Amino acid sequence: MAKTLFDKVWDSHVVRSVKDGPDVFFIDRHFIHEVTSPVAFLGLESRGNSVVYPERTFATADHNTPTINQHLPVEDPLSANQLDALENNAKKHGISHWGLGDKNNGIVHVVGPENGITLPGATIVCGDSHTSTHGAFGAIAFGIGTSEVEMVLSTQCIMQPKPKKMRINVNGKLGLGVTPKDVALYIISKQTTSGATGYFVEYAGDVFRDMSMEGRMTVCNLSIEMGARGGMIAPDEKTFEYIKGRSLTPKGADWDKAMKYWETLYTEDDAQFDEEFNYDASDIEPMITYGTNPGMGMGVTKSIPTAANVEGGAETYKKSLGYMSFSEGDSMIGKPIDFVFLGSCTNGRIEDFRAFCSIVEGRKKADNVTAWLVPGSHKVVDQINAEGLDKIITDAGFVLREPGCSACLAMNDDKIPAGKLSVSTSNRNFEGRQGPGSRTLLASPLVAAASAVEGVVTDPRTLLTA
Amino acid sequence: MAYDKFEVLTSTAYPLPIENVDTDQIIPARFLKATERVDFDKNFFRDWRYNQDGTPKADFPLNKEIYAGSKILVGGRNFGSGSSREHAAWSVYDFGLRCVISSAFADIFKGNCLNVGVLPVQVSPEFADKLFDAIMADPKTEIKVDLPNQKVTLVATGESESFDINAYKKDNMLNGFDDIDYLKNIENEISAFAETRPF
């Protein structure tokens, strides 16, 4: 039977299938961070197990870390404790560790690809739902819980039923000011926040073929926000070009051998999907969310829909708008904002900073806006400086912070205060996600930049020249 | 991470008829800083359960005396979406719940529940509505969750529905086993497999 890309990668990692149960699924690469791993190490030790393949696990500190003064001791004792636990566990079990201050440190889903840990055809897991990011390379990558983190440490496998398969095709050309983030938010708005539950998604079509690796990562990153276990894109020349020569990618004869395998990683013409959707690139405009889940998004120039015919039922919908202090039919354009956040594993890469700078260059930050610009890794910082983007940022009245998850999830010092409205390039607008009582509008780096200079929600197309 | 065996559970239930309840609500990120699994019940639904001054919100179902001690939570569709934090499943368990019933679960949350001894029971939207209606009409409504027979029943009326669970996971829940027990038993097979991986 003709195979999909997903079938090829999945089937080659099944150690055995349990009768009427899950597959024993082998994991090539395991990322750990400070939040979801300490209890796994405790479990491992209490059972008297050891880490079976320490060279397959990679540790980085990101969720809890401050984004200023990283050279000083971490002030919050609980955060410091978790960061210490990660470092100690890594050391004790022979796992490579990129702690705060390390030149390779950054957000797990940014540093993995940058260092060549993420490879086509690999299976990758991490105790973090946005592990789906790595699917951009033709890997099967998804988030797991702490029990599973312990499972991978002690056996290099998890027990996982094979998900169903969905293909999402987007064909045509994207319009001016429409970015990969908009493509993802558009798809999620169509699928709803649960539309792909139980599925693994392959993204196909012109739009993804034309997209940069950074853009593909943004799209795959957000797969989880429509309920999918993960998303993936078939590797191509662009993929191989991106990974070649990175510190941990195969070299020499190993590279040639790997390439032979990677070139087989595509969906065969007559392979079957359980579900398939087609969207037209020309229907997509810069997007913004208005509610409290990522499925509640729309074109930035549109008005908030009325309760009739929305996903989640009228009661849930009204609760959501109540939390946001918005009303049905409100226009988003022109709404005054308080914060802008550029960063996160969704949009903390170099391309996102280039996009942001394309708007703010020669303009000034609005006085009413507090902006946090947070690169995803030290390598991104280096690129920002090398390309002179730091000067554009500073001249426009912004300040660049140090790498980390920052205001994506309110686990570190960067929290949006209660009631304040933030245009954020992060991945979730859940109640309190960016701080108790905070209100989040998810958007692309272009929408964030335009809103940061105007002080109100702004269509970036009004500030761009073709 | 052992848990108590699950066989047949008969209990009243907390109703939470809200859709898309995400794991950031079940336990907000600021409470994930522990390095041990202790006391996750304290911040279970923290921001929905308490006012900012720390006083309980009287109208939130988990605070209502009439449901106190229930071991089942009936939630709205797409329960447990968002973050993969297993802390959410721990907080369900630590709060004293052994079963969550919904017409749809998010995948990772469902998997986490099964791994920590919380049974996720997926029912039809119609049966979920029936459960909500019954609990709203009478908070003392008892629900029987029979894992061996894969059946959930409204005790008062006898109305019931079957639910799915794969045989392997069912066996684990019935015996209090987990995946690591299984995987450690086939260590040699796994290491032979690992040898064949190209990278």
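Student: How far apart do the C-alpha centres of domain 1 of chain B and domain 2 of chain B lie?

Tutor: They lie 28 Å apart. Domain 1 covers 8-165 and domain 2 covers 166-199, with bounds taken from an automatic or database domain assignment. The model is predicted, so local features need pLDDT of at least 70 and side-chain atom pairs count only at pLDDT 80 or more, while totals for chains, interfaces and linings use all residues. Residues are numbered from 1 along each chain as its sequence is written, chains are lettered from A and ligands numbered from 1 in the order in which they are written, and side-chain values use heavy atoms, with hydrogens and water left out.

Student: What makes up the area buried between domain 1 of chain B and domain 2 of chain B?

Tutor: Buried area is the accessible area (1.4 Å probe) that two parts lose on being put together, summed over both. Here that is about 750 Å², and carbon and sulfur atoms give 68% of it. On the domain 1 side, Leu114(B), Leu147(B) and Ile165(B) lose the most, together 58% of what that side buries.

Student: Why is the pair Arg47(A) and Asp181(B) called a salt bridge?

Tutor: The term requires a side-chain nitrogen of Lys or Arg within 4 Å of a carboxyl oxygen of Asp or Glu. The closest N and O atoms of Arg47(A) and Asp181(B) are 3.4 Å apart, so the pair qualifies. The rule finds six salt bridges across the interface of chain A and chain B.

Student: How much area is buried between chain A and chain B?

Tutor: About 5300 Å², with 58% from carbon and sulfur atoms. Arg47(A) is also among the three residues, with Val39(A) and Met159(A), that supply 10% of the area chain A buries against chain B, more than any other three.

Student: Is Ser132(A) buried or exposed, and how do you know?

Tutor: Buried means under 20% relative accessible area, exposed over 50%, partly exposed in between (1.4 Å probe, protein chains only). Ser132(A) has 0%, so the residue is buried.

Student: What does the side chain of Ser132(A) reach?

Tutor: The backbone oxygen of Cys220(A), at 2.9 Å. Leaving aside neighbours within four places in sequence, the residues in contact with Ser132(A) (heavy atoms within 4.5 Å) include Phe142(A), Asn221(A) and Arg229(A).

Student: Which residues in helix 2 of chain A are buried?

Tutor: In residues 38-46, they are Pro38(A), Val39(A), Ala40(A), Phe41(A), Gly43(A) and Leu44(A). Their cover includes helix 3 (87-94) of chain B as well as elements of chain A, among them strand 3 (29-32). Helices (H or I, at least four residues) and strands (E, at least two) are DSSP runs, numbered from the N terminus.

Key: A polar contact is a pair of N or O atoms within 3.5 Å; within protein, one must be able to donate a hydrogen and the other to accept it, and residues adjacent in sequence count only if both atoms are side-chain atoms.
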